[in-house]
Amino acid sequence: MSIREKAGRIGAGVLAMLQTRLSLAALEIEEESQRLLGYFVIALVALILFGLTLVMIAVTVVLAFWDTAPLLAAGGLALAFGIGCAVAAFKLKSDFANRPRLLGATMDELHKDVNFIRNVRGTHE
């Protein structure tokens, strides 16, 4: 086998490896975009339903205390809603901080490829 044929085989192998890695990267990007869209839709639905629930609870509580302390009831509800909002914001921040890194598997595979090539080259020198 000539050097040209060996170089061609090596080049074809490298291109095949690169194609596999790029396919993996594209798959990871697609999965991440689907995950983010899912987060957004669920958060939007939950926010709308939660808002409607809070409005109905607030109206009910204020009407229940209409004769005795309507301002105190409204202020207490506002405080409770504010605390709930803060808890939800911290939870969302935590979820985003702990999400998997973008293209993590692709980068891991590329590092393995580089290490493999370095080891193969080192053994033939």
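Biologist: How many salt bridges does the count come to, and what makes a pair a salt bridge?

Modeller: A salt bridge is a side-chain nitrogen of Lys or Arg within 4 Å of a carboxyl oxygen of Asp or Glu, and by this rule the count comes to two. This is a predicted model, in which local features need pLDDT of at least 70 and side-chain atom pairs count only at pLDDT 80 or more, while totals for chains, interfaces and linings use all residues. Residues are numbered from 1 along each chain as its sequence is written, and side-chain values use heavy atoms, with hydrogens and water left out.

Biologist: What makes Arg35 and Glu32 a salt bridge?

Modeller: The side chains of Arg35 and Glu32 meet at 2.4 Å, N to O, and the limit is 4 Å, so the pair counts as a salt bridge. Because they are three residues apart in helix 1, Arg35 and Glu32 are separated by about one helical turn.

Biologist: What makes Asp95 and Lys91 a salt bridge?

Modeller: The closest N and O atoms of Asp95 and Lys91 are 2.9 Å apart, which is within the 4 Å of the rule, and therefore this pair is also a salt bridge. Asp95 and Lys91 are four residues apart in helix 2, so about one helical turn separates them.

Biologist: Which residues are in contact with Glu32, leaving aside its neighbours within four places in sequence?

Modeller: Contact means heavy atoms within 4.5 Å, and on that basis Glu32 is in contact with Arg99, Pro100 and Leu102.

Biologist: What makes residues 3-64 a helix, and what does helix 1 reach from its first C-alpha to its last?

Modeller: Helices are DSSP runs (H or I, at least four residues), numbered from the N terminus, and helix 1 has 62 residues. Helix 1 reaches 90 Å, close to the 92 Å expected, where the expected span is 1.5 Å times one less than the number of residues.

Biologist: What volume does the largest pocket have, and which elements give two or more residues to its lining?

Modeller: A pocket, on a 1 Å grid over the protein atoms alone, is an open set of points where a 1.4 Å probe fits, with protein on both sides within 12 Å along at least five of seven lines, and lining residues have an atom within 4 Å of a point. The largest pocket has a volume of about 710 Å³, a volume being the space filled by probe spheres set on the points. The elements that give two or more residues to its lining are helix 1 and helix 2 (70-97), and helix 1 gives the most, with 11 residues.
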